[in-house]
Amino acid sequence: MKNILFVTSEAAPFIKTGGLADVAGSLPKCFNKEEFDCRVILPKYQCMSEEWKNQLKYVTHFYMNLSWRSQYVGILELEYDGVHFYFIDNEYYFSGPKPYGNIYQDIEKFAFFSKAALSALPSIGFRPDIVHCHDWETGLIPVMLKDKFQEGEFYRGIKSVITIHNLKFQGVWDVKTVRDITGLPAYYFTPDKLEAYGDANYLKGGIVYADAITTVSDTYAEEIKMPFYGERLDGLMRARSNDLRGIVNGIDYEVWNPETDPLIEHHYTAKNFRKEKIKNKRALQRELGLEQNDSSFMVGIVSRLTDQKGFDLIAYMMDEMCQNDLQIVVLGTGEEKYEDMFRHFAWKYQGKVSANIFYSEALSHKVYAACDAFLMPSLFEPCGLSQIISLRYGTVPVVRETGGLKDTVQPYNEYESTGTGFSFANYNAHEMYNTLKYAMSIYYNKKREWNKIIDRGMAVDFSWNSSARKYEEMYNWLLGC
C-alpha cells in the first residue's frame, strides 16, 4: 500500500473558495483503494459550517515550536466519502470570517499550518510515502522536509509533490519577517532557493524543493515556462521542466449530472436533450425576468468578475453583442468596475441581460442547464472548471485558447464536423465577438450541426477518474514502482 497525504488550505465540502477545494475534496476518493491510501489534512477554520464542525472527532493535541514561539496544535478527524480528513486546530490562526485574510497574517498562518501538518503525522500514526502539497500555502512543506524533519527517522525518505493551481499567487513577504516566523536558517534565503527579487517566496521554495511539480493542464504547464504567463518564475519553471507535468482537473460527475441534478428544474440526458433542455431555458427566463423566447441565443457566464477572466473584452463589446438576438445571464462577484458594468447593461437592456451580482450554487446549476452557450474569454486559465461543466450539461463553450480551456474544448470544424465548442486565439475583443457570432450563426442556421456539437461535448469524459489514473502514474514514477 502506498500512502499519500494531501496537504491543502481548503477542501470541499468543508471549506471552499475556488477550484483547489474541488480538487482536494474529489480527487482522493478516486484513487485505487487497493493500491493507495490517500488522506487529507487541512485547517479547522472557525468559519466552517457548524454541520461539519459538530461531526469532527478529537484525536489529540500537542505543543510545537514555530521559530521562537510555542503553539498549540489540535488534531481532529472525520471520515467522509471513504476518505480520512484531518483538521489542524488553532484558534489564534484559524478564526475569522474567511479562510484567507491579509497576506502578512496568512504568511504566518500557513507557516504554522505547514509545520503542524508534518508534526502531526506521528500522532495520527500515518507515515506518507508522498506528501502532495497544493499552492503557495503549503510551499514550505517540501523545504521543511529537506530541513529539520530529515533529522527524524520517521520522516526520512518522504517524497513531496507540489501542484500549482494558479501561479499568480505565490505567498511573498520580506525575508526578515519570514525568517523570524519560520526559524529557517539564512542558508535558505538565496536566489536559488526561497528568495525571489529581494523577498521570500513560499511557492518558489516549494517548486525548488519538491521532487515533482504538477499544474492543472498540459497547456498551462507549457505556458508558465514563458515570461507572459510565468509570473517572474518562468526561468525556474524552465529549469525544472523535466519534473513538471500538467494533469487536467476533473469534475465530480455525481454532483454535475443533468440527469439527476436536484438543483435544476428539468432533467435531461445526452439522448433527450433536444426536447428537454429547452424547458430549463424557459424556467430561467421566467425566474430572471428575461423575455420569454425559445429561439433567443442564451449565453451564460458564471465566474469571478476579474481581469483574469477576460471581462475587459466583454465590457468593450457588450453594446455590440446586445444588438443581436441573444440573452446574457451573468452570475458572480468580483471587481467593482465589472459588477457595475453588468448592472448597467442589465438596466440598459432589460429582458436581454440579467446581472446576478452574488454567488449561488443553485443558480449556477440552472445557468449551466439552461444556456445555449457559455462564454469564457480568459486572459489566462490554469485549468478552468466552468467549460467542463458546460460540456457535461450540453451548453456549448466559447473560449479563448489558453491553459485548460485549450486542452478541454476542441474547436468546431464545419468541414470535418468535429469539435465540442468554439475558440479564438488572440486576446482581442473583436476576435471574441466574431467567434461568438460564428457560434450564433451555427445555432440559428445549422441546428443539426449545433446539436452534434452538443452530442460530442456530452460524450467526453472529464470525470476525476481519468485524472486520478494520471496522478497514480506520477506517484508510481516518483516511488520508482
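1. In what follows, a contact means heavy atoms within 4.5 Å. The model is a predicted one, and every remark below should be read with that in mind.

2. Helix α12 itself covers residues 273-288, which makes 16 residues, and its span from the first C-alpha to the last is 22 Å, close to the 22 Å expected at 1.5 Å a residue. Just after α12, Gly-289 takes a positive phi of about 70°.

3. How many cavities of 30 Å³ or more does a search of the whole structure find? The search finds 2. Rolling a probe the size of a water molecule over the atoms shows where empty space is left. The largest cavity holds about 40 Å³ of space, and its lining consists of Ile-264, Glu-265, Asn-280, Ala-283, Leu-284, Glu-287, Lys-366 and Ala-369. Helix α12 gives the most to this lining, with 4 residues, while α12 and α15 each supply at least two. By class, the lining of the largest cavity has 4 nonpolar, 1 polar and 3 charged residues.

4. For the second largest cavity the volume is likewise given as about 40 Å³. Lys-44, Tyr-45, Gln-46, Asp-89, Asn-90, Glu-91 and Phe-94 form its lining, which divides into 2 nonpolar, 2 polar and 3 charged residues. Two of these lining residues, Asn-90 and Phe-94, return in the next point as residues touched by Phe-112.

5. The largest nonpolar core has 94 residues, and those with the most contacts inside it are Phe-31, Phe-87, Ile-88, Phe-112, Leu-118, Ile-207 and Tyr-475. Helix α4 (residues 103-119) gives the most to this core, with 8 residues. Phe-112 has its place in helix α4, and it counts as buried because its relative accessibility is 0%. Leaving aside residues up to four places away in sequence, Phe-112 touches Met-64, Leu-66, Gln-71, Tyr-72, Val-73, Ile-88, Asn-90, Tyr-93 and Phe-94. A second, separate core of 73 residues includes Met-341, Ala-346, Tyr-349 and Leu-405.

6. Most residues other than glycine have a negative phi, and most peptide bonds are trans. Against that background, the peptide bond from Ala-12 to Pro-13 is cis, with omega near 5°, and Pro-13 is placed in the loop between β1 (2-7) and α1 (19-26).

7. Which value does phi take in Ser-67? Phi of Ser-67 is near 55°, a positive value in a residue other than glycine. Ser-67 has its place in the loop between β3 (57-66) and β4 (69-80), and because its relative accessibility is 28%, Ser-67 counts as partly exposed. The C-alpha atoms of Ser-67 and Phe-112 are separated by 9.7 Å, although the two residues are 45 residues apart along the chain.

8. Is Asp-135 buried or exposed? With 11% relative accessibility, Asp-135 counts as buried. Asp-135 is found in the loop between β6 (130-134) and α6 (140-146), and its phi is near 65°, again a positive value in a residue other than glycine.

Note on methods. Residues are numbered from 1 along each chain as its sequence is written. This is a predicted model: local features need pLDDT of at least 70, side-chain atom pairs count only at pLDDT 80 or more; totals for chains, interfaces and linings use all residues. Side-chain values use heavy atoms; hydrogens and water are left out. The expected span of a helix is 1.5 Å times one less than its number of residues. On a 1 Å grid over the protein atoms alone, a cavity is a set of points where a 1.4 Å probe fits but cannot get out, and a pocket is an open set with protein on both sides within 12 Å along at least five of seven lines; lining residues have an atom within 4 Å of a point. Grid points are joined across faces, edges and corners, and a volume is the space filled by probe spheres set on the points. Ala, Val, Leu, Ile, Met, Phe, Trp, Tyr, Cys and Pro count as nonpolar, Asp, Glu, Lys and Arg as charged, and the others, Gly among them, as polar. A nonpolar core is a set of buried Ala, Val, Leu, Ile, Met, Phe, Trp, Tyr and Cys residues joined through side-chain atoms within 4.5 Å. Buried means under 20% relative accessible area, exposed over 50%, partly exposed in between (1.4 Å probe, protein chains only).
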